[in-house]
Amino acid sequence: MKITVDEEKCCGAGQCVLIAPEVFDQRDEDGIVVLLDAEPPAVHHDAARESAGVCPAAAIHLDEDA
(Lines give C-alpha, C1' and ligand atoms only; values in the text may rest on other atoms or scores of the structure.)
Protein backbone atom coordinates (compact mmCIF):
# COMPACT_ATOMS: atom_id res chain seq x y z
CA MET A 1 0.00 0.00 0.00
CA LYS A 2 1.16 3.50 -0.85
CA ILE A 3 -0.49 6.53 0.74
CA THR A 4 -0.56 10.08 -0.54
CA VAL A 5 -2.22 13.10 0.99
CA ASP A 6 -3.50 16.30 -0.56
CA GLU A 7 -2.54 19.02 1.89
CA GLU A 8 -4.55 21.56 -0.10
CA LYS A 9 -7.76 19.60 0.56
CA CYS A 10 -7.04 18.82 4.22
CA CYS A 11 -9.33 20.65 6.64
CA GLY A 12 -7.45 19.62 9.79
CA ALA A 13 -10.22 17.49 11.33
CA GLY A 14 -7.61 15.12 12.77
CA GLN A 15 -9.59 11.90 12.47
CA CYS A 16 -6.69 10.25 10.62
CA VAL A 17 -4.34 10.95 13.52
CA LEU A 18 -6.78 9.51 16.04
CA ILE A 19 -7.29 6.35 13.98
CA ALA A 20 -3.73 5.79 12.69
CA PRO A 21 -1.17 7.76 14.73
CA GLU A 22 1.63 5.58 13.37
CA VAL A 23 0.83 6.76 9.85
CA PHE A 24 -0.47 10.34 10.23
CA ASP A 25 0.24 13.42 12.31
CA GLN A 26 -0.78 17.08 12.14
CA ARG A 27 1.24 20.27 11.83
CA ASP A 28 1.14 22.26 15.05
CA GLU A 29 0.59 25.61 13.36
CA ASP A 30 -2.50 24.77 11.31
CA GLY A 31 -3.54 21.15 11.90
CA ILE A 32 -2.85 20.06 8.32
CA VAL A 33 -2.08 16.38 7.89
CA VAL A 34 1.52 15.14 7.93
CA LEU A 35 2.16 11.75 6.38
CA LEU A 36 4.57 9.85 8.62
CA ASP A 37 4.73 6.62 6.64
CA ALA A 38 3.80 6.59 2.93
CA GLU A 39 4.24 2.82 2.74
CA PRO A 40 3.17 1.48 6.13
CA PRO A 41 3.55 -2.17 7.11
CA ALA A 42 0.52 -4.42 6.68
CA VAL A 43 -0.37 -4.16 10.36
CA HIS A 44 -1.40 -0.51 9.75
CA HIS A 45 -3.30 -0.99 6.48
CA ASP A 46 -6.75 -1.34 8.07
CA ALA A 47 -6.28 1.85 10.08
CA ALA A 48 -5.06 3.69 6.99
CA ARG A 49 -8.13 2.53 5.05
CA GLU A 50 -10.41 3.66 7.87
CA SER A 51 -8.66 7.03 8.01
CA ALA A 52 -9.15 7.54 4.28
CA GLY A 53 -12.80 6.54 4.60
CA VAL A 54 -13.62 9.00 7.39
CA CYS A 55 -11.59 11.94 6.08
CA PRO A 56 -14.19 14.71 5.61
CA ALA A 57 -12.10 16.38 2.91
CA ALA A 58 -11.18 13.15 1.06
CA ALA A 59 -7.54 14.26 1.31
CA ILE A 60 -6.10 10.76 1.85
CA HIS A 61 -5.52 8.56 -1.18
CA LEU A 62 -4.55 4.90 -1.06
CA ASP A 63 -2.92 2.85 -3.79
CA GLU A 64 -3.60 -0.71 -2.73
CA ASP A 65 -1.50 -2.14 -5.57
CA ALA A 66 1.74 -0.42 -4.61
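**Close-up views of a predicted model**

**View 1. The largest nonpolar core of the predicted model.** Ile3, Cys16, Phe24 and Ile60 touch the most other members of the largest nonpolar core, which holds 17 residues. Helices α1 (15–19) and α2 (45–54) each contribute at least two residues to this core. The greatest contribution comes from α2, with 3 residues.

View 2. The C-alpha trace spans about 30 × 20 × 15 Å along its principal axes. For 66 residues, a compact globule would have a radius of gyration near 11 Å, and the value for the protein, 11 Å, agrees with this. Of the 66 residues in the protein, 35% are buried. Among the contacts with a separation of 6 or more, 57% are made by residues 24 or more positions apart.

**View 3. The surroundings of Phe24.** Residues up to four places away in sequence are not counted in this view. Phe24 then touches Ile3 and Val5, as well as Cys16 and Val17. Its contacts also include Val33, Val34, Leu35 and Leu36. Ala48, Ser51 and Ile60 are likewise touched by Phe24. In the largest nonpolar core, Phe24 is one of the residues that touch the most other members.

**View 4. Cys16 and Val17 in helix α1.** Cys16 is found in helix α1 and is buried, with a relative accessible area of 10%. Leaving aside neighbours within four places in sequence, Cys16 is in contact with Pro21, Phe24, Val33, Ser51 and Ile60. Cys16 and Asp63 are 47 residues apart in sequence, and their C-alpha atoms are 17 Å apart in space. Val17 also lies in helix α1; with a relative accessible area of 17%, Val17 counts as buried, because the cut-off for this class is under 20%. Not counting residues up to four places away in sequence, Val17 touches Phe24, Asp25 and Gln26.

**View 5. Ser51 in helix α2.** Ser51 has its place in helix α2. At 1% relative accessibility, Ser51 counts as buried. Its contacts, not counting residues up to four places away in sequence, are with Cys16, Ile19, Ala20, Phe24 and Ile60. Of these, Cys16 is found in helix α1, and Cys16, Phe24 and Ile60 are among the residues that touch the most other members of the largest nonpolar core.

**View 6. Asp46 and Val54 in helix α2.** Asp46 is found in helix α2 and is exposed, with a relative accessible area of 58%. Asp46 and Ala20 are 26 residues apart in sequence, and the distance from C-alpha to C-alpha is 9.0 Å. Val54 also lies in helix α2. Its relative accessibility is 37%, so Val54 counts as partly exposed. Not counting residues up to four places away in sequence, Val54 touches Gln15 and Ile19. A separation of 10.0 Å lies between the C-alpha atoms of Val54 and Ala13, which are 41 residues apart along the chain.

**View 7. Ala58 in the loop between α2 and β4.** Ala58 lies in the loop that joins α2 to β4 (60–63). Although Ala58 is not a glycine, its phi is positive, at about 55°. Ala58 is partly exposed, with a relative accessible area of 38%.

**View 8. The largest cavity and its lining.** A search of the whole structure finds 1 cavity of 30 Å³ or more. The largest cavity holds about 100 Å³ of space. Its lining consists of 16 residues, and those that lie nearest its centre are Cys10, Ala13, Gly14, Cys16 and Cys55. By class, the lining comprises 10 nonpolar and 6 polar residues, with no charged residues. Cys16, named here among the residues nearest the centre of the cavity, is also one of the residues that touch the most other members of the largest nonpolar core.

Technical notes: Residues are numbered from 1 along each chain as its sequence is written. This is a predicted model: local features need pLDDT of at least 70, side-chain atom pairs count only at pLDDT 80 or more; totals for chains, interfaces and linings use all residues. Side-chain values use heavy atoms; hydrogens and water are left out. On a 1 Å grid over the protein atoms alone, a cavity is a set of points where a 1.4 Å probe fits but cannot get out, and a pocket is an open set with protein on both sides within 12 Å along at least five of seven lines; lining residues have an atom within 4 Å of a point. Grid points are joined across faces, edges and corners, and a volume is the space filled by probe spheres set on the points. Ala, Val, Leu, Ile, Met, Phe, Trp, Tyr, Cys and Pro count as nonpolar, Asp, Glu, Lys and Arg as charged, and the others, Gly among them, as polar. A nonpolar core is a set of buried Ala, Val, Leu, Ile, Met, Phe, Trp, Tyr and Cys residues joined through side-chain atoms within 4.5 Å. Buried means under 20% relative accessible area, exposed over 50%, partly exposed in between (1.4 Å probe, protein chains only). Helices (H or I, at least four residues) and strands (E, at least two) are DSSP runs, numbered from the N terminus. Contact means heavy atoms within 4.5 Å. The radius of gyration is taken over C-alpha atoms; the globule rule is 2.2 Å times the number of residues to the power 0.38.
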